[in-house]
Structure formats: structure tokens, C-alpha cells
Amino acid sequence: MSGTKEEDRKGSSEWREFFWNPRTHEFMGRTASSWGLILLFYLVFYLFLAGMFILTMYIMLLTLDDYNPTWQDRLATPGMMIRPKGEQLEISFSPSSTETWDGLVQNLNTFLSPYNDSYQVQTNDECPSDQYFIQEDSGEVRNNPKRSCQFNRTMLADCSGMSDRFYGYNQGQPCILIKLNRVIGMLPGRDGQSPYVKCGAKRYRVEKDEWREDSDKMGELAYFPPNGTFNLMYYPYYGKKAQVNYTQPLVAVKFLNASVNTDINVECKINSNTLAEGSERDKFAGRVSFKLRINAK
């Protein structure tokens with residue numbers, strides 16, 4: 001028993017001497033000068049690593065252009081999107097129930113506020129249509145900031161929210177806005193032919209070998225601007241920093257007499273004589289699909 005207590009005292013004494021040895025003035029096995037040297041070594045070492053990292057980042061940033069991407073790896077065809085998006089690209093509402101479409105209308109109002117005619121006249125140019133608005137640099141002298149062409153809200157006519165502030169949702173004739181994603185330097189047409197949007201029924205699978213589409217439910221469509229075109233004057237796009245006031249062109253589709261109380265699967269595609277058809281691997285390349293449901297009650 002006494003041997004056990006002696007061993008405990010000895011072990012406790014060894015631990016105390018490890019943390020602080022009064023005879024050698026060592027803390028955890030090292031003197032003050034030894035601790036100072038090792039801390040100085042790690043300080044210099046990590047300052048060196050930080051300096052190497054900062055130098056590497058600085059040299060890399062010198063190779064980048066603020067206005068043009070060094071590498072532009074992108075799809076052959078840009079993506080498309082709609083407004084309002086709804087949940088999971090599903091737009092469902094009842095014309096007689098204001099609360100079902102009020103959020104959709106507010107979404108469109110917010111989105112279209114930069115397109116107000118008064119703002120466009122102040123910030124952008126009135127450009128000749130059906131031709132590219134090319135603004136080349138002069139050698140090393142950049143032609144920045146580059147100008148942009150007006151896209152006035154009134155060009156969307158019945159879907160502008162001006163003549164009909166509810167965008168047709170209160171009458172069961174909803175407006176859907178379509179935009180093409182921005183791609184720096186893209187030229188989406190040639191020979192004066194602007195790309196245009198065409199919407200139709202989406203083909204979908206109901207069983208293993210059975211496909212269906214909702215052509216009979218779509219009804220008549222109206223496009224704004226006429227023919228659903230993205231005019232060539234809005235291209236090429238030079239980037240957010242070079243073209244600060246750029247206004248993205250839009251196409252509005254109005255469903256004039258779509259069927260009610262049923263789901264309508266819609267697909268809108270871009271048609272162009274330079275852009276390739278979208279790939280099946282990317283459902284948003286050159287097209288967008290959404291579901292529309294108008295409830296009678």
C-alpha cells in the first residue's frame with residue numbers, strides 16, 4: 001500500500017517538473033530561449049508561405065483582363081429563363097382569386113422597372129434595328145464605357161404592365177416574359193436575321209412507350225415584340241463592367257385562350273441561323289420548359 005502511494009507521489013512530481021522545472025528553469029522541456037527560437041522559426045516560416053501566396057495571386061491577377069474573360073468555356077447555345085418563375089417553373093393561379101396571382105404581378109413589376117421608357121431614354125441610345133451595335137476598341141485604347149441600345153417597356157405592348165397593370169392574370173390571359181442569358185461577344189444571327197422565340201406544347205412521357213403533348217390545350221399565342229424577336233441591335237454584349245447600362249432584350253408571350261382546370265406543359269425555344277439547337281444534356285440550353293395551370297374557380 002505504501003509502495004503505491006510512493007509511486008503516485010513520484011509520478012505527480014515528474015509531471016510537475018515537466019511543466020515547470022525550477023532547477024533548470026524549463027517549461028514543458030524547453031528553456032525560454034529555446035521556446036523563443038522555435039516560435040521565431042514558425043513565425044518566419046508562415047510569413048514566408050503567406051508572402052509566396054500573395055505574390056502568386058498578384059502575378060495571376062496581372063494576367064487577367066477586367067473586361068474580357070481569359071477563358072470563356074460555355075455552351076454553344078445560351079440558356080433561357082422566364083419571369084415570373086413561380087415555384088419549380090410552375091405557374092398556377094385563378095383569375096377570380098387575387099391572392100393567387102398578386103405575387104406574380106409584383107414580380108413582373110419589379111423585374112420591368114429598369115425598362116421604363118423614361119429611364120431608357122436617359123441612359124441608352126436609340127439604335128438602328130436589325131444590325132449589330134459593334135463598338136470596337138482602338139488598339140490598346142478601350143472604348144469604355146460602351147453604350148447600350150434602348151429596350152423600352154412599351155415594346156412589350158399588352159404585356160408591358162402599362163395598358164394592363166395585371167398582365168392579363170385577372171382575365172385568365174397571362175403574360176410570360178422570356179430572356180436569353182448574356183454571353184460576352186455572342187452574335188446570335190447573320191444576314192440581318194434576328195433570333196426569335198417560338199413556344200409550343202412540350203412532348204412528355206406518360207408511360208414507358210407512350211408520349212403526349214398538350215397542343216389542344218395551348219390556345220392562341222401573341223408575341224411581343226412582334227414575331228418574338230431578340231433584335232440584333234442588342235448584340236454583342238461586352239460585359240457588365242464595359243457596358244454598365246446594358247438592358248437585356250425580352251420577349252413576352254401572352255396566352256389568349258388557354259384551357260382551364262388542367263396542366264399545360266409548355267416549351268419555348270430560340271430559333272437562330274447561327275445558334276445550334278440545345279443539347280438534351282442541358283434542358284435550359286436554348287429553351288425553357290414550364291407548366292401553366294389556370295383554375296376556373
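Select F151 and Y234: both are buried (under 20% relative accessible area; exposed is over 50% and partly exposed in between, with a 1.4 Å probe and protein chains only). This is a predicted model, in which local features need pLDDT of at least 70 and side-chain atom pairs count only at pLDDT 80 or more, while totals for chains, interfaces and linings use all residues. Residues are numbered from 1 along each chain as its sequence is written, and side-chain values use heavy atoms, with hydrogens and water left out.

**Stop 1: the ring pairs**

Stay with F151 and Y234. Their ring centres are 5.6 Å apart and their planes stand at 55°, so the pair is tilted. Rings of Phe, Tyr and Trp (its six-membered ring) pair if their centres lie within 6.5 Å; planes under 30 degrees apart count as stacked, over 60 as edge-to-face and the rest as tilted. Now colour the chain by position. F151 lies in the loop between α4 (117–123) and β5 (175–180), and Y234 in the loop between β9 (221–224) and β10 (250–255), so the pair ties together parts that are 83 residues apart in sequence. Helices (H or I, at least four residues) and strands (E, at least two) are DSSP runs, numbered from the N terminus.

Next, select Y237 and Y246. Their ring centres are 4.7 Å apart with the planes at 45°, so this pair is tilted. Y237 has 7% relative accessibility and counts as buried. Y246 is buried at a relative accessible area of 10%.

Select F41, Y42, F45 and Y46 together. These four residues form one aromatic cluster. The count of aromatic pairs comes to eleven.

K146 lies over the face of Y238, at 4.8 Å from the ring centre. A charge sits over a ring if NZ of Lys or CZ of Arg is within 6 Å of the ring centre and within 35 degrees of the ring normal.

**Stop 2: the antiparallel sheet**

Show the chain as a cartoon. Which strands form the open sheet with antiparallel pairing? Four strands form it, in the order β3-β5-β10-β9. Two strands pair if DSSP finds at least two bridges between them. At the edges stand β3 (80–83) and β9; each has a single partner strand, so one side of each is left without a neighbour in the sheet. Neighbouring strands of this sheet are turned by 25° against each other on average, direction ignored.

Zoom in on β9 and β10. They pair in the antiparallel sense over four bridges. Select Y223: opposite stands V253 in β10.

Now select residues 98–112, helix α3. This helix lies across β3, β5 and β10 and runs at about 40° to β5. Contact means heavy atoms within 4.5 Å. Axes are lines fitted to C-alpha atoms, for helices over the stretch in contact, and angles run from 0 to 180 degrees between N-to-C directions.

**Stop 3: the mixed sheet**

Turn to β4, β12, β11 and β6. In that order, these four strands form an open sheet with mixed pairing. β4 (90–93) and β6 (196–201) stand at the edges with a single partner strand each, so one side of each has no neighbour in the sheet. From one strand to the next, the twist averages 25°.

Select residues 263–271 and 287–294. These are β11 and β12, which run antiparallel and are joined by seven bridges. C268 stands opposite V288 in β12.

**Stop 4: backbone details in the loops**

Show the backbone from R83 to P84. The peptide bond there is cis, with omega near -5°. P84 has its place in the loop between β3 and β4.

L89 is found in the loop between β3 and β4. L89 has a positive phi of about 55° although it is not a glycine. Is L89 buried or exposed? L89 is buried, with a relative accessible area of 15%.

Jump to Y235 and P236. A cis peptide bond joins them, with omega about 0°. P236 lies in the loop between β9 and β10.

D130 is not a glycine, yet its phi is positive, at about 65°. D130 is partly exposed, with a relative accessible area of 41%.

**Stop 5: the whole chain**

Zoom out. The protein chain holds five helices and twelve strands. Of its 297 residues, 35% count as buried.
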